[in-house]
Amino acid sequence: MMQFQMIRKFHPISSLQVLVLSFSIGTCLQAGAENHLTLQDLLAAEPIGETALSPDGQTVALVRSEQITLLPAAGGWPVLLTSTQGSKSGLSWSPDGKQIAYASQGSIWAVPVTGGAPRRLTNAPAGGGDPRQAADRAPRWNPKGRWVLFQSGRRGTNGLYVVSEDGTVTVAVTPSKEETSEGRWSPDGERIVYVARAKTFFSGRLEVLHFEQHSGQATGEPVTLFTAPVDRGGGWSIGGAEWSPDGKTLVTALQNSGWSHVYLLAATGGTPKQITDGNFEDENPVFSPDGKEIAFLSNREVPEANDIWLIPANGGQAKKAVSFETPGIAAGLQWSPDSKRLFFKHQSPLETTDLLVRDLRTAGKPVHLTRTTPVNYAATAQIPERVTWKSQDGREIAGLLYQPKDKERANKSAILWIHGGPEGQDGYRADVWAQYLADAGYVVLEPNYRGSSGYGEAFRNLNVEDSNGGEVDDVATGAQYLISRGLADPTGIGIGGGSHGGTMVAYAVTRYPELFAAAAELYGVVDRELFVYRTNPPSAIRWMMKMGGSPTEKPEVYRKANVLLSVEKVRTPLLVMHGENDPQVPPSESAVFAKALREHHKTYFYFTYPNELHGFSQPAHRLDAWRKQLAFFEHYLNPKFGTTTTSVDEVVFPGEGGPAHIQK
C-alpha cells in the first residue's frame, strides 16, 4: 500500500481563489445550499465581544469586528465609536462617563465617547515569554478618575500597573516576583484586590493592597485574605473577587467543598463564608449596586449549560433570575446602577453570542439588544442530545450528540470531536463546526471525558498522573456507544480535536489503532516531557503538577504520555496542523510527530500556519483549515466516486501548494 505524507506551509489566498475554492469541496455539500450551512456561513458569525455598561446605565459599549460600538441600553441603533486598526478588549468607562479605556496593539488607550482620535496611554515594549500575556491589557478605571489599573507582562511575569489618565505616569503596584492578575478597585478607589500566584500557591492567593491616589504608589504590605489549596490537576484557580458597594466585603467563587461555590470574605481578612452548596458549579458572583443581592452563574440544572441566579447578599435561598427554553451559556454579568436590570451575554446551540437585558421588576423574558445569528445558521442549527455511556471502569461519561437532520444527507459516518484543556467542557453553545458537520451528514459526538470541568473537582482530577489512561478509554467507549446505537458504521468513525483534544487524538490512534478511520490532530502534545521544557512557565508548572512531578521525578508517567514511543502502532491516516508561533503547545510537538510518522512509513498530512498562536484566529487560516479537514474526512469516511481530478495526491486538499510527496 502506498503511504502519503504532506508537509506544507499555508500561504495567503486571493479573494478569487476563495470564491473558486468555495465550490471545490464536495459538490454534494454545496449544491442547493440555500437550506444548508456553508463554511463561509461559519466565518460570517460575528458574535458580540466584550461589553461595558456606562456609569449612568444608559449606554453599552461593546466590541464587534475589532471596533468599539455604542448601543443605547434600552435598545436602538448602534453607533461606531472607533475605526482604528487592531482588535480591542478590556473596555472600561471613566467614572464621569466621558471616556472609555481599552487595550489594543499591546497598549492601553482612551477614547472620548463623543468621538475623536484615541489617545495611547502606554507604549512599553512587550515582555518575553507568552505573547498572549506579554503586553498591556485589561484596563480598569479608578472610581475617582485619575488612574487606570491594567495588567502587563512587560517585566517577564504578569503584574499590575497604573497609568495616569493623561498617560504621563506609569507605576508598577505589585512586585515582579509573583504572577498577579484580576485587579479590582474598591468602591472608594483606595484599595485593590487581586490574585497572586507562585509555584507554592499555584491555585491563587487573594490579596488587598492600599493605593495612594496622589503618587499612584501602593503603600504598605499587601494583606492576604485567602490562599487556595493547590489543585493537583492545575485546572482550577481563583478567578478574582468583587467588592460589595460599601467596600467591607468581597465575593468570590472557591472550590473548598470540591465544587465551585459562592463565598463571602471580609475585606480585612478572616474565614470565608460559604453561601451556596451542592453538587454543581456556581461561578462569577457580583454584588448588586444596592448591596442587597448577588448574581452568579450556575450549572445546577444542566451540567453542560448555565443560568443566572440570585441570592441575598448575606446568604439564603437562591432563585433563578433568567429562564431560557433552550439550554445555553451566559457570561459577562453586569448590573444596572439602580439594581433593577441585569445585562449579560448569552449563546445557545441555536444562537450565536448576543447581548441581552433582563428587567428584574417584571416576570417577562430577557430582551435581545443585539441579534448576530446568521440566517443560514439559524435555519439549520439543532439542539444536541445529551447522552451518557459507561467507560471501561464503569464510570458514567456524558457528551453531546449531533445527528443529521436531513436523512438523505446522512452518511452513516461519525466524527468524535474532542475538546481541549483537558479542563474544557463541551456545552450548549453555538458550536458552528459541529453544526456544520452534522448538516453535512455526519453524526458528531463531543465527549466530556474525565478531566473536564463542570462535574466537580474529583472528576476533573481523575487524569492526574494518568495522562493517556482512563481519559482515552472514555472517548473510545463513546465511539463504541455510537456503534451500539446503530448511529455509525464501525468502519466509518473519525476523530479530531485541538490542543489537549489533539493530544487525545494522538493517544487514541495508538491506544485504539483499529477504531478510527481518520484522525485530525490539531496543535496537540505528543511528548509531554518535551512540552514542559518548551512551553510557557505557568503551563509547565501546571502540567508538572498534573503529571505528579517533573520528568525526572515521574519518568513512568511521562513515558506513558509519550506517543512517539508507540508510533509503530498507528494504522489511522492522520491530518496534523499547527500554528507556527504557538506559545502554549510548542510547534516542535507536531514537527517531531510528523518526523516519527514519516520514519515509520505512516499515512499523514502536515500543514503549518504562519503568524498563528494557539489555534487558528485569522479568518483565511480558519477557512483553509476547515476546508482541509473536511476534504480529509470526506476522503476517508465518506468517499465520492466518479470525481474528475488531475491531482496525484491521495487526498485532494484545497488551497495553494504543490503535490504531496509520495512515499512507497
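Where is the place of H601? I started there, keeping in mind that this is a predicted model. I found H601 in the loop between α12 (588–599) and β38 (604–609). Its phi is near 60 degrees, a positive value in a residue other than glycine. I also looked up the cover on H601: the relative accessible area is 47%, so H601 is partly exposed.

Next I went to N468. This residue sits in the loop between α6 (457–460) and α7. Phi of N468 is positive too, near 70 degrees, and N468 is not a glycine. Buried or exposed? I checked N468 for that. N468 counts as buried because its relative accessibility is 9%, and the cut-off for buried is under 20%.

Then I followed the chain into α7 (residues 470–484) and looked at helix α8 (residues 500–511) alongside. Their axes come within 10 Å and cross at roughly 80 degrees, which means α7 is roughly perpendicular to α8. I noted who meets whom: E471, V472, D473 and V475 on the α7 side, with H500, M504, Y507, A508 and R511 on the α8 side. I sorted the residues of this contact into 5 nonpolar, 1 polar and 3 charged.

Another stop was the peptide bond between G421 and P422. I found it to be cis, with omega about 10 degrees. P422 belongs to the loop between β33 (414–418) and α5 (432–439).

Last entry: helix α13 (residues 619–637). I got 26 Å from the first C-alpha to the last over its 19 residues, close to the expected 27 Å. I put α13 down as mostly covered, with 15 of its 19 residues buried.

Note on methods: Residues are numbered from 1 along each chain as its sequence is written. This is a predicted model: local features need pLDDT of at least 70, side-chain atom pairs count only at pLDDT 80 or more; totals for chains, interfaces and linings use all residues. Side-chain values use heavy atoms; hydrogens and water are left out. Axes are lines fitted to C-alpha atoms, for helices over the stretch in contact, and angles run from 0 to 180 degrees between N-to-C directions. Helices (H or I, at least four residues) and strands (E, at least two) are DSSP runs, numbered from the N terminus. Angles under 35 degrees count as roughly parallel, over 145 as roughly antiparallel, 65 to 115 as roughly perpendicular and the rest as oblique. Contact means heavy atoms within 4.5 Å. Ala, Val, Leu, Ile, Met, Phe, Trp, Tyr, Cys and Pro count as nonpolar, Asp, Glu, Lys and Arg as charged, and the others, Gly among them, as polar. The expected span of a helix is 1.5 Å times one less than its number of residues. Buried means under 20% relative accessible area, exposed over 50%, partly exposed in between (1.4 Å probe, protein chains only).
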